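Subject: Structure handover

Hello,

Here is the structure for you to look over. My notes on what turned up follow below it.

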Amino acid sequence: MVRQEIGSYEEAVEYLLNIPRFTKKNTMADTRAFLRRLGNPDKELKILHVAGTNGKGSVCAYLRYVLEEAGYQVCSFTSPHLVDVRERFLIRGEMVGKEDFLRAFCDVYDAIPWEVLQGDDRFNEEGKLPEGFYHPTFFEYLFFMAMLLFKEAKPDYCILETGLGGRLDATNAVSRKEMAVITRISLDHVEYLGDTEEKIAGEKAGIIAPGVPVVYLDDKKSVSAVFDERAKELGAFPCPVSKSDYALLKFQNKNIDFSLRTRYYKDIDVNLRTAALYQMENAAIAVRAIEELDHGKTITVDHVLEGLKKCFWPGRMEEIAKDVFVDGAHNEDGVRAFLESVKADGWQGTRTLLFSAVKEKQFDKMLGEIIEAGLFTRILLVSMETSRAVAAAALEKLVREKIAGVYGSAGEGPSVGVYDCVPEAIRQLRTAKKDDQRIYVAGSLYLVGEVKADLGVLK
């Protein structure tokens with residue numbers, strides 16, 4: 001391993017994409033030490049920290065839109081990206097430019113202690129880094145870049161979405177926070193975070209900071225107890241949000257109207273321009289966070305309502321072409337929420353689902369939910385480009401088994417098809433699409449990204 005000369009945006013992205021080949025997750029102590037090596041760029045930022053299994057990206061988006069509607073300058077760091085890695089860095093609602101991206105990349109690159117490698121070839125011989133050499137992982141590297149970019153932008157607020165977990169997540173290396181927000185908890189990444197929702201909640205609770213509000217979804221008593229106990233230990237202020245705080249009024253024409261009980265704005269009627277029913281929950285969490293941040297002083301109810309109405313978060317029941325919807329559902333709980341929205345969308349024609357998944361997800365259970373829902377007349381499986389993808393042939397075998405288990409062997413249930421790649425699947429779907437057909441894409445954010453890239457939908 002040697003230091004390279006990197007002088008273009010394209011070279012920087014290529015280097016980042018290759019990082020997983022030669023490094024591993026670092027300790028929190030090492031991550032914090034490297035942040036100090038960069039000059040503590042996070043120190044002056046007012047950080048809203050968001051964690052959770054499902055919904056955290058959407059909550060970040062709702063927070064950003066409301067704050068910007070109220071006139072605040074906002075930076076946000078979210079993951080993953082769908083098409084362009086720069087999607088992760090938003091400054092005043094815009095992706096960071098390629099020149100700024102490259103500059104931040106080089107600032108992090110130059111801070112890596114390359115001098116430790118001088119005359120030391122143990123990495124090449126033993127496949128491990130020598131003592132004293134720190135190299136950020138892919139996610140850590142992007143987080144450090146975000147901190148440098150945001151320090152320069154001088155926003156009023158900085159929104160950080162955790163990557164995996166919370167307690168040991170790179171974003172948790174920041175020195176101070178204004179607030180912690182925790183969205184829905186469900187079983188995902190169990191090999192890293194624990195095999196129960198309570199254990200996963202314990203990892204997410206690691207973002208709670210002393211003396212600041214923690215807004216969380218109060219959905220299950222055992223999970224809420226984890227957050228309450230951690231808040232008590234740290235002198236933080238628990239602010240639960242539950243289903244009793246909101247109620248659906250109307251869902252039609254890809255618009256959701258619901259009532260929301262708030263602390264400072266009283267009862268309000270909210271309009272969301274989305275076909276995703278689960279966004280009511282995420283919007284409710286975001287509004288509670290706004291209230292705890294501002295206490296009704298400068299952010300008015302009109303700011304809240306307009307911000308929520310204008311909010312757009314890609315890949316969440318997003319209509320990318322006429323009657324073609326993509327959704328980032330990639331775990332069992334997310335698929336249930338996706339199916340709830342599909343069932344309630346009022347479509348009278350046929351529905352086709354394009355599905356794929358990565359190996360570490362519970363795709364067996366996801367497909368079980370999909371077959372049992374009985375919403376699709378066709379289920380199409382496709383192989384994605386990533387090496388983490390489950391082969392379409394393996395998914396097909398599983399789907400046919402589940403269809404036989406639900407419908408028997410009489411040939412009933414949805415038809416099944418297989419494609420070798422996303423471009424082939426999209427070409428065939430668009431060619432054969434009928435007016436009474438809706439196409440849905442779900443199972444993986446990687447799949448959503450590939451579909452959007454193939455159709456040229458870059459935002």
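Start at Leu260. Setting aside neighbours within four places in sequence, Leu260 is in contact with Asp245, Tyr246, Lys266, Asp267, Ile268, Val270, Ala284 and Val287. Please keep in mind that this is a predicted model. Leu260 sits in strand E10, which covers residues 255-261. Is Leu260 buried or exposed? Its relative accessible area is 4%, and the cut-off for buried is under 20%, so Leu260 counts as buried. Leu248 is 12 residues away from Leu260 along the chain, and their C-alpha atoms are separated by 9.1 Å.

Next, the sheet. Six strands form an open sheet. Their order is E12-E13-E17-E14-E15-E16, and the pairing is mixed. Strand E12 (318-321) and strand E16 (415-419) are the edge strands, each pairing on one side only. On average, neighbouring strands are turned by 25 degrees against each other, direction ignored.

Look inside the sheet at strand E14 (residues 350-355) and strand E17 (residues 437-442). These two pair in the parallel sense, over six bridges. Within E17, Ala442 stands opposite Phe355. Helix H13 (residues 363-373) packs on the sheet. H13 touches E14 and strand E15 (378-382), and its direction makes about 175 degrees with that of E14.

H16 lies across E12, strand E13 (324-326), E14, E15 and E17. It runs at about 30 degrees to E12.

What does Val451 touch beyond its neighbours within four places in sequence? The contacts are Ile320, Val326, Leu354, Val422, Ile426 and Val441. Val451 and Leu354 are 97 residues apart in sequence, yet 10.0 Å apart in space, C-alpha to C-alpha. Val451 has 1% relative accessibility, so it counts as buried.

Now the aromatics. How many aromatic pairs does the structure hold? There are 21. Two of them are described here.

- Phe89 and Phe101 are edge-to-face, at 5.9 Å centre to centre with 80 degrees between the planes. This pair links distant parts of the chain, 12 residues apart: Phe89 is in strand E3 (residues 89-91) and Phe101 in helix H4 (residues 98-111). Phe89 is buried, with a relative accessible area of 0%. Phe101 counts as buried too, at 0% relative accessibility.
- Phe338 and Tyr440 are also an edge-to-face pair, at 6.2 Å centre to centre with 70 degrees between the planes. Here the partners are 102 residues apart, with Phe338 in helix H12 (residues 332-343) and Tyr440 in strand E17. Phe338 and Tyr440 are buried.

Phe89 and Phe101 also belong to one aromatic cluster.

Last, helix H8 (residues 197-204). Which residues of H8 are buried? They are Glu197, Ile200, Ala201, Glu203 and Lys204.

Best wishes

Definitions and conventions: Residues numbered from 1 in each chain as written. Predicted model: local features only at pLDDT ≥ 70, side-chain atom pairs only at ≥ 80, totals over all residues. Heavy atoms only, no water. Buried < 20%, exposed > 50% of the residue type's maximum accessible area, 1.4 Å probe, protein only. Helix = DSSP H or I, 4+ residues; strand = E, 2+ residues; numbered from the N terminus. Pairing = 2+ DSSP bridges. Axes fitted to C-alpha atoms, helices over the stretch in contact; angles between N-to-C directions. Contact = heavy atoms within 4.5 Å. Phe/Tyr/Trp six-rings, centres within 6.5 Å; stacked < 30°, edge-to-face > 60°.
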